[in-house]
Amino acid sequence: MTHKFKQLSYILILSVASVGFSFDTGPIKPQLRKLSEHLPSALSQQMEIGKSVEPETQISLSIALSWNQEKNLNQTLVDLYDPSSSSFHKFLTSSEFRQKFAPTEAQITQVQGFLELYGIQPLSVSDNRLVIHAIGTAREVNEAFHTELVCFTDKQNQRYFAPIRDLQVPIDSPIQAVFGVENITKAHHHLRKRENLEPVTGQSLVGTGPRGGFSPSDLKSAYGLSLPLNGAHQTLALFELDGFDKNDITAYAKYFKLRKVPLKTIKVDGVTGKPGDGAGEVTLDIELMTAIAPGAKKILVYEGPNTAEGLINTYNKIATDNCAKVVSTSWGLTENQASPAMLQSENNIFKQMAAQGQAIYAASGDSGAFDNGKDLGVDDPASQPYVVAVGGTQLSLNQDGTYFRETTWNQNNTSSGGASGGGISSMWPIAEWQKAAVNPASKGSTTNRNVPDVALNADPNTGYAIFFKGQWNVFGGTSCAAPLWAAFNALVNQNRTKLHLSVLGFPSPALYTLGQSSFYSTTFHDITDGSTNLWYPAVTGLDNATGWGSFYGEQLIQNLSTH
């Protein structure tokens, strides 16, 4: 029997088994279940529906599965971050996580067989067995998932494609989502550039760096980073959707007399790494991580394509590699502009990160409480339960460069002007560690996830000196706050290692414990002046404008290094 005949025979057997064929009664249709919606409703309403995608169009697919033993996984996460548990901070290796919770080889084979039944070709499986990569035609995708891929045109005459009907799979299939069936989803970065680049003098708002931007020494002085910690032996990671020019990074380090941290670029899904419109984001992320942690072992720059499929595969690569214990992302999109399928698949990945002791910080957005510019809403992935959301403040310094005060970043009381992203998630329930922390005066929710968790300077008018495209700029936005908090976490891990402790892991349970303790006033700068992010006020304790506030570096490092 030839190999080709064997393969055809295998497909025939799968076909009979899959449809439940009976020689007595005829074919019995398999029971199907709908997958979570794959087309963001907020986007579909703005688009004109056109003709179907040409049947032979090649579609790249990433088939996302579910974790097994999800209840056990959730309990494992509780135990890993409960100081009274015998499992406290006994983080899993990637291999241990895969063994306990990943889809089985039999489940992978089941899905691969299902795809092959319709002519879709499986190509590879991710290391954690969460994602199967495949390729098929639009016709094969339509038939396999009982949908129809259709062309859409938006108000700017841009053309896209997406499924017109919910995808369906056999009821016993472990498939959770299918990525690649739409190309509408696009994340945006949270970078704001100060327009007036002329140096400003004589103001307490302005730093000592080029063009009046904050320098690394300004940051250390303002935020109390006086301990002899520089991130030594720590590996950090950045999630990016664009490339960068290494010459900019080298010039930044040279000017500020910082060690040039080794960089390693990991390209996902065939990206070229060539700098594009979002290169400023990538550049500032690397430079600001270097500002706080110049002694780091390396910074891993994960670069993927700006699609829903690219986002999932890039986050999943960071999780499966498990090389960096601190991660930062400054790319996101309004929560209701991400499909439920995408949100749930992200959540699966972030759970794995938390189980492995990886911390991920995300910019909360730059449009205040109105993340899409008009409706109250929050940004994904900052609103994810296993992500630390980082909001924005405006920082003022004393004449000697020490901390004077902070207020909520709110430029001109408009979302277009820029303000600290924050609010209430419409997707995720409130986490256990957040429930008791909500101040009624904050307008926060006692049932749903509140954003942000923490904050740091983000106003471009009090922004950071960044070397980009061969010249000095001043950048702000919560894009700046997230990598700085991540680099700060690297200092915490360095200190914990010196004390023979594990890495901190997912920080929120520890941060919320401190926020509700007698140590709060000496570990966080609490913004309580009633300033708003266009809706939510900064009040005592946790709020949806600035979270717990910014870090008082030395004290917070010490308090996060006690056990």
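Select F524 first: leaving aside its neighbours within four places in sequence, F524 is in contact (heavy atoms within 4.5 Å) with V454, W485, L511, L514, G515, W548, G549, S550, Y552 and L556. The model is predicted, so local features need pLDDT of at least 70 and side-chain atom pairs count only at pLDDT 80 or more, whereas totals for chains, interfaces and linings use all residues. Residues are numbered from 1 along each chain as its sequence is written, and side-chain values use heavy atoms, with hydrogens and water left out.

F524, W485 and L556 have the most contacts inside the largest nonpolar core, which has 121 residues. A nonpolar core is a set of buried Ala, Val, Leu, Ile, Met, Phe, Trp, Tyr and Cys residues joined through side-chain atoms within 4.5 Å; buried means under 20% relative accessible area, exposed over 50%, and partly exposed in between (1.4 Å probe, protein chains only). Helix α13 (residues 478–498) gives the most to this core, with eleven residues. Helices (H or I, at least four residues) and strands (E, at least two) are DSSP runs, numbered from the N terminus. A second, separate core of 24 residues includes I63, I108, F145 and V181.

Now select Q356, in the loop between α11 (340–355) and β17 (359–363). Q356 is buried, with a relative accessible area of 1%. Among its contacts beyond four places in sequence are F91, F97, N322 and K325.

Continue to β10, β16 and β18, an open sheet of three strands in the order β10-β16-β18 with antiparallel pairing. Two strands pair if DSSP finds at least two bridges between them. The edge strands, β10 (188–189) and β18 (379–380), each pair on one side only. Strand β16 (residues 331–334) pairs with β18 over two bridges, and L333 stands opposite D380 in β18.

Then display the largest pocket, which holds about 860 Å³ of space. A pocket is, on a 1 Å grid over the protein atoms alone, an open set of points where a 1.4 Å probe fits, with protein on both sides within 12 Å along at least five of seven lines; lining residues have an atom within 4 Å of a point. Of the 34 lining residues, Y81, W433, F506, P509 and A510 lie nearest the centre. Helix α14 gives the most to this lining, with five residues.

Finally, colour by pLDDT, the predictor's confidence in each residue, from 0 to 100. The protein averages 92, but residues 1–26 are below 50. Where pLDDT is low, the predicted coordinates should not be read in detail.

Definitions and conventions
Grid points are joined across faces, edges and corners, and a volume is the space filled by probe spheres set on the points.
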